Amino acid sequence: MKLGGVLLGVGFVGLLIIMYQGEDKDKPPTLNKKEHRPVIPSHLTVAPTVIKKRVWLPQCQENKTMESIEGFLKLPAHIRDFLLYRHCRSFPQILNSPKKCGGAAASKDVFLLLAIKSSPGNYERRAVIRQTWGEETSYRGAHVRRIFVSGTSKNEPEDKYLRQLLKTESETYGDILQWDFQDTFFNLTLKQFLFHVWLDEHCPGANFIFNGDDDVFVNTFNVVTYLRSNEADRHLFVGQLIANVGPIRNSGSKYYVPVQVSTSNAYPMYCGGGGILMSRYTAHAIHNKSQDIQLFPIDDVYLGMCLAKASLVPASHMGMRTVGVHVPSAKLDSFNPCYYKELLMVHRFIPYQMLVMWKAIQDPHLACGHKFSFYLGTK
């Protein structure tokens, strides 16, 4: 608890400093003992982001015809808003990083692009990710790049300062994409859609993409090792597979989808949105099919819809845990690094846990028995 308090305090002080300034103007851990390959530091530098002058597009008008749908006025406000603006897909881009991948032509040199969905106020999460699993470096010659995808705060007074925060982060790290739409749960699909538009224009050659939330822990060493056995120009879409489910009709649920949004009682197969790995081939297929698919409020289900339209199937990977790790006994420590050393991704972690776990899984003296592989189902 002391460590958590110190790190949270440091993060808060860092946030205050950034806000004040803004106002004034490789050896992967693995059980395969035969591999002893060092991590090679990257000699590439990230070009500073050019903050373009904002060009405002004509405001997308609400679709008044939605109000004639039976039961519309009885729906929760956020669902009414979704229906009224569901057709809106073009928004002014506030912050960009067009040279993140070295330009469209050079983007094939990017082995793995980490595309992380992050709300404006999640500064501490972004700060820790930058210095742990999201570090822009090279893993045995595999170049990894990072980008955070964000909208704007729903709270107007807060939004003024958070825009300045993200602008400062962008100028410092060159890793922020921000569009002028409210960063809400039902707009995660919009965030996903706009990211694929950006990817197609500025980083079309990236071999693989990790698409996930800013509260996940990624073992980047293992991810790179896994992806080396795959081909960028073949279909790959893996995560924690979800099948044989449909819309939740309970209005009290965060995932409530009424019949006014979708009359279908079944979802296509999809992977939990906390963390997904996809190939270049699949990312382009999603972008192409998304142009003709109506936006859906649950972002991971929407990706499943895009895959289905492209006649592609998502797959499960035991190393992708979007619902966390469940240990076999309450007497065991669920935060033991041995449970995470062989996984690819786990949801969810708070900032100090990410930092502690990142250091722990790289400890050369960490000894884990076969029982951990058995419990995790990775062997």
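This is a predicted model: local features need pLDDT of at least 70, side-chain atom pairs count only at pLDDT 80 or more; totals for chains, interfaces and linings use all residues.
A residue counts as buried when its relative accessible area is under 20%, as exposed when that area is over 50%, and as partly exposed in between.

**The whole chain**

Begin with the complete protein chain in a cartoon view. The chain contains ten helices and 14 strands. Of its 379 residues, 50% count as buried.

**The disulfides**

Next, display the cysteine side chains. How many disulfides does a search of the whole structure find? The search finds three. With the bonded cysteines numbered in sequence order, the pairing runs 1-2, 3-4, 5-6.

Select C60 and C88 to see one of these links, with an S to S distance of 1.9 Å. The link is left-handed, with -80° about the S-S bond.

Move on to C101 and C203, whose sulfur atoms are 2.0 Å apart in a disulfide. Because the torsion about their S-S bond is about -90°, this disulfide is left-handed. The pair ties together parts that are 102 residues apart in sequence, since C101 lies in the loop between β1 and β2 (110-117) and C203 in the loop between α5 and β6 (208-213). Is C203 buried or exposed? Its relative accessibility is 1%, and the limit for a buried residue is under 20%, so C203 counts as buried. C101 is buried as well, with 5% relative accessibility.

Then select C338 and C368, another disulfide, with an S to S distance of 1.9 Å. Its torsion of about -85° about the S-S bond makes it left-handed. C338 is in the loop between β13 (320-321) and β14 (345-347), while C368 is in the loop between α9 (351-361) and α10 (370-376); the pair therefore ties together parts that are 30 residues apart in sequence. C338 counts as buried at 5% relative accessibility, but C368 is partly exposed at 24%.

Hide the surface and turn to the interior. In soluble globular proteins, nonpolar side chains tend to be buried together. In this model, the largest nonpolar core has 48 residues, and L113 and F195 have the most contacts inside it. Helix α5 (residues 188-202) gives the most to this core, contributing six residues.

Centre the view on L113 and show what surrounds it. Which residues is L113 in contact with, leaving aside its neighbours within four places in sequence? They include F195, W198 and L199, as well as I147, F208, I209 and F210. C101 and C203, the disulfide partners already visited, are also among the contacts of L113. R145 and R146 belong to the list too.

A separate core of 43 residues lies apart from this one; L112, V144, V216 and L227 are among its members.

**Helix α8**

Now select residues 299-309, which form helix α8. This helix is mostly covered, with eight of its eleven residues buried. The buried residues are D299, D300, V301, Y302, L303, G304, C306 and L307. For C306, the relative accessibility is 0%. To see what covers the buried residues of α8, display the elements around it, which include β2, α5, β8 (237-239), β10, β11 (275-279) and α7 (280-290). Just after the helix, S311 takes a positive phi of about 60°.

M269 is located in the loop between β9 (241-242) and β10 (270-271). With a relative accessible area of 35%, M269 is partly exposed. By contrast, C271 counts as buried, at 0% relative accessibility.

How values were computed: Residues are numbered from 1 along each chain as its sequence is written. Side-chain values use heavy atoms; hydrogens and water are left out. A nonpolar core is a set of buried Ala, Val, Leu, Ile, Met, Phe, Trp, Tyr and Cys residues joined through side-chain atoms within 4.5 Å. Buried means under 20% relative accessible area, exposed over 50%, partly exposed in between (1.4 Å probe, protein chains only). Helices (H or I, at least four residues) and strands (E, at least two) are DSSP runs, numbered from the N terminus. Contact means heavy atoms within 4.5 Å. A disulfide is a pair of cysteine sulfur atoms within 2.5 Å.
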